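Good morning, and thank you for making time on the agenda. I should like to take you through the structure now being shown.

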There are 2 protein chains.
Amino acid sequence: MNAAGDRGPQAGPDEAVVDLLGVMACGELLAFERLAHDAALAPTIEDKAELARMAVAEFTHFTTLREHLVKIGADPAAAMAPFVEPLGDFHRRTAASNWLEGLVKAFVGDGLAADFYREISGYLDPATAGLVQEVLADSGHSAFAVEHVRAAIDADPRVAGPLALWGRRLMGEALTQAQRVAGEREALAALIVGGSGPDRPGIDLNEIGAMLGRLTAAHSERMAALGLEA
Amino acid sequence: MNAAGDRGPQAGPDEAVVDLLGVMACGELLAFERLAHDAALAPTIEDKAELARMAVAEFTHFTTLREHLVKIGADPAAAMAPFVEPLGDFHRRTAASNWLEGLVKAFVGDGLAADFYREISGYLDPATAGLVQEVLADSGHSAFAVEHVRAAIDADPRVAGPLALWGRRLMGEALTQAQRVAGEREALAALIVGGSGPDRPGIDLNEIGAMLGRLTAAHSERMAALGLEA
């Protein structure tokens, strides 16, 4: 990866863009792993196949991101390295203990990540923005998760309470790890709030707050779609 | 699924073929799950991605088999159902406890399954045989597993002994579960040894023995390729 001091006519890829693609690639690969793992919790072989299909969609995204990193001259492993621990911690701390928790996590986690990347795609060069949009295209998780979680709540309304708590815990852990990443990756943090160099404004706390507000509102809407309180 | 008594002008799909595609589909889906799970044991993020890529190849095979079951008028879930327990037991009893065990299992298990299906593809109608051949095409597991296991033995020859034992255990468990399936699925067992109706010869113990001999010899060759005693 390139430190800011290396930039110039021979400059390598933009550090913040490498960070962004690195965190996304790492996120997709770990989401693959987690979804595939949670497929073991499926009540039927067809449900298992459906969760596996979602996992494969995440892996396809990973491949796309990895290829783009290579194309812009970055080392994919190095680009992903800083995010293995925080994203791994997120998954370890929110390991689903049953099928419904796995579905809620797939839906809520995928939605939150998509919202976040959509928020920052406005700050990207067109090529990177196009790639991010492509990776964010709905991979069909939503309908399956919503349908199954709602059916489970209809069948036994008592599952709703623990799942609502679970959704809050997912959001809390996501924010914890996002703060950790923002603290450790200055270029990425700066990109997120619209500053990536002396010619662009630096961190704007109001903008961070507004973005968090939008992310939280969208999370609440997703929980409502599942029939759960946010 | 169709009992033999249902056959006739309105007959559904051949029971033995449905069993065969069912056990293969179930095997591919569980192999996906296990490889994805073992990706968590990878020492580097790139190795993790490589094992995930193998898992995705297995899922693609599963999709192909599942589509063919639908095409011949079978219910994929019902076709897979009899094999969920025996194949699940195989994986539970041979859960890899480290990265190298996972690689040996991927290589040895995939090779054994491919040999077995290749053995019986000679007894199949051309359409089914073509599908089986397609699914058996090497998905690139071999080179990666061989390279990494040999490198690990070069670096520390002491790992070879436990891995050789592990390979024997994999073969033993595979035979145990195969016997269980053969005992429970008469039509499939009959297909395997060349009998699938009154006009074809029944179970030939000599042929079973010869096939087991060929499978065992191929297993020994694979172990040797890894640098391990069979």
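This is a predicted model: local features need pLDDT of at least 70, side-chain atom pairs count only at pLDDT 80 or more; totals for chains, interfaces and linings use all residues.

Of the 230 residues in chain A, 51% count as buried.

I turn to helix α2 of chain A, residues 45-71. Two of its residues deserve attention. A:Val56 is found in this helix and counts as buried, because its relative accessibility of 12% falls under the 20% cut-off. Is A:His61 buried or exposed? With a relative accessible area of 12%, A:His61 is buried. The side chain of A:His61 makes a polar contact of 3.4 Å with the side chain of A:Glu28.

Next, the packing of helices. In general terms, two packed helices are described by the angle between their axes and the distance between the axes. How do α2 of chain A and helix α1 of chain B, residues 15-38, cross? Their axes come within 11 Å and cross at roughly 50°; the two helices are therefore oblique to each other. The crossing of α2(A) and α1(B) is left-handed.

Within chain A, helix α4, residues 99-121, packs with helix α6, residues 141-155, at an angle of about 140°, and the axes are 9 Å apart. That angle makes α4(A) oblique to α6(A). Here too I can give the hand: α4(A) passes α6(A) in a left-handed crossing.

I move now to the aromatic residues. Over all chains, the structure holds 9 aromatic pairs. In one of them, the ring centres of B:Phe59 and B:Phe62 are 5.4 Å apart and the planes stand at 40°, so the pair is tilted. Why are these two residues separated by about one helical turn? They are 3 residues apart in helix α2 of chain B, residues 45-71, and this places about one helical turn between them. As a general point, an α-helix has 3.6 residues a turn, so residues three or four places apart point the same way. B:Phe59 counts as buried at 6% relative accessibility, and B:Phe62 likewise counts as buried, at 2%.

Helix α6, residues 141-155, has 15 residues and reaches 21 Å from its first C-alpha to its last, close to the 21 Å expected at 1.5 Å a residue. Its buried residues include B:His141, B:Phe144, B:Val149 and B:Ile153. Helix α7, residues 160-184, has 25 residues, which should span 36 Å at 1.5 Å a residue; the end C-alpha atoms are 36 Å apart, in agreement. Which residues of α7(B) are buried? Among them are B:Leu163, B:Trp166, B:Leu170 and B:Met171, together with B:Glu173 and B:Gln177.

That concludes my presentation.

Key:
Residues are numbered from 1 along each chain as its sequence is written. Chains are lettered from A and ligands numbered from 1 in the order in which they are written. Side-chain values use heavy atoms; hydrogens and water are left out. Helices (H or I, at least four residues) and strands (E, at least two) are DSSP runs, numbered from the N terminus. The expected span of a helix is 1.5 Å times one less than its number of residues. Buried means under 20% relative accessible area, exposed over 50%, partly exposed in between (1.4 Å probe, protein chains only). Rings of Phe, Tyr and Trp (its six-membered ring) pair if their centres lie within 6.5 Å; planes under 30 degrees apart count as stacked, over 60 as edge-to-face and the rest as tilted. A polar contact is a pair of N or O atoms within 3.5 Å; within protein, one must be able to donate a hydrogen and the other to accept it, and residues adjacent in sequence count only if both atoms are side-chain atoms. Axes are lines fitted to C-alpha atoms, for helices over the stretch in contact, and angles run from 0 to 180 degrees between N-to-C directions. Angles under 35 degrees count as roughly parallel, over 145 as roughly antiparallel, 65 to 115 as roughly perpendicular and the rest as oblique. A crossing is left-handed if the near helix is turned anticlockwise from the far one by less than a right angle, and right-handed if clockwise.
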